[in-house]
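Morning, everyone. Please have a look at this one with me.

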Amino acid sequence: MTTGISLAIGVALLAVGTYAMRAAGPVLRNRISVSEATEKLMDRATVVLLVAVALTGAFFIDHDFAGWARPAGVTVGVIAALLRAPLAVVVILAATTAAGLRALGVA
């Protein structure tokens, strides 16, 4: 019974924290001024973080190397996205590449 209460409290705290983080931007936008250099740095940091998460997901399953099929599929998807292909085409190309390589025996 106490684990259910603990879980509910944990979820409630996470919900309040998430809402506070989302509300902080609009609330503090007029109170805090950030230099243009800082804005550029934060934009670049966001991109670096997203790329790091994508690469980690592409190369690893748990703590093990995912094999070469998944990174190849991700690479094809990234190239298609950079060429401004529609999202559906990007996903289909990436999935087809990974599945095709796996069918050929590339792990």
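I'll take the aromatic rings, then the helices.

First, the ground rules. This is a predicted model, where local features need pLDDT of at least 70, side-chain atom pairs count only at pLDDT 80 or more, and totals for chains, interfaces and linings use all residues. Residues are numbered from 1 along each chain as its sequence is written, and side-chain values use heavy atoms, with hydrogens and water left out.

How many aromatic pairs does the structure hold? There are 2. To pair, rings of Phe, Tyr and Trp (its six-membered ring) need centres within 6.5 Å; planes under 30 degrees apart are stacked, over 60 edge-to-face, the rest tilted. Phe-59 and Phe-65 are stacked, at 6.3 Å centre to centre with 25° between the planes. Phe-65 and Trp-68 are edge-to-face, at 5.1 Å and 70°. Together, ring pairs link Phe-59, Phe-65 and Trp-68 into a cluster.

Buried or exposed? With a 1.4 Å probe and protein chains only, buried is under 20% relative accessible area, exposed is over 50%, and partly exposed is in between. Phe-59 has 28%, so it counts as partly exposed. Phe-65 has 41%, so it is partly exposed. Trp-68 has 57%, so it is exposed.

Now, where does Phe-59 sit? It is in helix α2, residues 36-59. Helices here are DSSP runs of H or I, at least four residues, and strands are runs of E, at least two, numbered from the N terminus. Leaving aside neighbours within four places in sequence, Phe-59 is in contact (heavy atoms within 4.5 Å) with Asp-64, Phe-65, Ala-66 and Pro-71. Phe-59 and Ala-95 are 36 residues apart in sequence and 15 Å apart in space, C-alpha to C-alpha.

On to helix α3, residues 69-82. The expected span is 1.5 Å times one less than the number of residues. For the 14 residues of α3 that gives 20 Å, and the end C-alpha atoms are 20 Å apart, so the two agree. Which residues of α3 are buried? Ala-69, Pro-71, Gly-73, Gly-77 and Ala-80. These buried residues pack against α2 and α4 (87-103). Just after α3, Arg-84 takes a positive phi of about 65°.

That's my tour.
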